Amino acid sequence: METNSTDWRYTVMPAVFTWLKESESGALEIDLAATKKYAADILRVEGKAGTRMGGLVGSGTLGENSYLTNEQRLSLLASLSEVAKEFNVPLISGAAAETKEELADIVKELAKVGVDTVMVMPPKTEATPSDDEMYDYYALSASAAKEAGVTIMPYNNPDAAGYHALSTSLLMRLAALPEVTALKISTTDVSVIETLMLENKELKVLAGVDTVTVHAGLAGACGGITGVGCIFPKASVTMQEYVNNGQWAEANKISQAMNSISYLDAQPLLLEYLKFAFGVHHNDAEGGLRTLGKKLTQEQIEDVRARYLLAKERLELLGLAE
């Protein structure tokens with residue numbers, strides 16, 4: 001299958017869930033067949049203007065990444081690589097490490113199983129590295145990416161606990177590395193994106209929080225990575241179509257319709273919340289609750305269900321609930 005996007009960075013891409021099943025022993029294990037099916041189903045959906053999602057993000061925050069063993073993760077990504085190839089889109093996954101040498105090894109490892117672009121998180125260290133130390137960390141990953149024939153995407157997620165923020169000046173330096181294909185900015189403070197674009201209008205920036213898709217587009221982001229789009233792909237793709245065309249009023253109607261559920265994408269329990277909503281959407285409440293993450297309380301479950309139903313009702317009025 002061919003994607004009708006000439007540049008995947010100008011699209012929205014789903015951060016797909018890792019579907020789980022119970023083994024004979026009762027333990028949870030990856031259901032590769034189900035994960036591939038749902039990923040393909042999402043990539044198959046077209047927006048109102050006929051475009052589709054331009055990439056596939058696997059084993060990220062929504063992919064149970066922090067709970068998987070290295071072997072499980074590589075097996076999952078190798079499986080998702082088959083889906084990405086079927087739809088002619090890049091496979092994207094993340095990497096983080098304490099040292100730059102460890103990170104370089106991870107980049108090469110991911111390339112071997114079919115990952116095309118590696119989202120590189122800041123180093124997992126207690127002490128905050130200097131900008132020069134941070135640059136060296138990313139520069140070595142860029143060299144490893146060049147050797148492996150892939151690209152990297154520095155990932156700035158200053159709102160998430162445990163991740164060092166990347167300064168605007170550092171992001172500009174990183175963007176100049178030949179192997180850097182884009183910057184991923186996951187924050188509700190879209191002035192970060194605007195500041196970057198004022199420095200260099202040629203930058204390719206992807207927004208990483210569903211609540212600010214339209215605002216990020218206004219600030220200069222060319223595309224984004226979505227969690228809510230796994231549940232409502234037609235709405236997500238159509239909203240990005242409007243953003244790309246500068247049809248801000250139409251894009252904002254969709255953003256407002258999804259407001260109740262997009263809110264969950266910016267919460268610490270986004271994996272558990274959105275995965276449950278995905279299960280409800282597919283009449284699979286049990287599947288939606290299967291996660292290696294935290295168990296939701298009944299109050300949280302009811303809140304997510306109400307948010308999902310409100311978004312679905314609003315999107316049905318726009319013909320975008322599928």
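1. The side chains of D41 and K37 form a salt bridge at 2.7 Å, N to O. A salt bridge here is a side-chain nitrogen of Lys or Arg within 4 Å of a carboxyl oxygen of Asp or Glu. D41 and K37 are four residues apart in helix α1 (residues 32-44), so about one helical turn separates them. D41 is partly exposed at 28% relative accessible area, and K37 is partly exposed at 48%. Buried means under 20%, exposed over 50%, and partly exposed in between (1.4 Å probe, protein chains only). K37, D41 and R44 are linked in a network of salt bridges.

2. A note on the source: this is a predicted model, in which local features need pLDDT of at least 70, side-chain atom pairs count only at pLDDT 80 or more, and totals for chains, interfaces and linings use all residues. Residues are numbered from 1 along each chain as its sequence is written, and side-chain values use heavy atoms, with hydrogens and water left out.

3. The salt bridge count comes to 11. One of them joins K108 and E147 at 3.6 Å, N to O. K108 lies in helix α3 and E147 in helix α4 (residues 131-148), so the pair ties together parts 39 residues apart in sequence. K108 is partly exposed at 28%; E147 is exposed at 61%.

4. D132 and R173 also meet in a salt bridge, at 3.2 Å, N to O. D132 sits in helix α4 and R173 in helix α5 (residues 168-175), so this pair ties together parts 41 residues apart in sequence. R173 is partly exposed at 36%.

5. Two non-glycine residues deserve a look. S59 has a positive phi, near 55 degrees. E64 has a positive phi, near 65 degrees. S59 lies in the loop between β4 (56-57) and α2 (70-86), and E64 is placed in the loop between β4 and α2. S59 is buried at 1% relative accessible area; E64 is buried at 0%.

6. E98, E101, E102, D105 and E126 form a negative surface patch. Patch residues have over 30% relative accessible area and no salt bridge, with like charges joined within 9 Å. E101 lies in helix α3 (residues 100-112) and is partly exposed at 44%.

7. Overall, the protein chain has 13 helices and 10 strands. These are DSSP runs: helices are H or I, at least four residues; strands are E, at least two. Buried residues make up 57% of the 322 residues. The C-alpha trace spans about 50 × 50 × 40 Å along its principal axes.

Key:
Patches are made of residues with over 30% relative accessible area and no salt bridge: like charges are joined within 9 Å, nonpolar side chains (Val, Leu, Ile, Met, Phe, Trp, Tyr) within 5 Å. Accessible areas come from the Shrake-Rupley method with a 1.4 Å probe; for residues, only the protein chains shown count as cover. Lys and Arg count as positive and Asp and Glu as negative; His and the chain ends are not counted. The place of a charge is taken as NZ of Lys, CZ of Arg, CG of Asp or CD of Glu.
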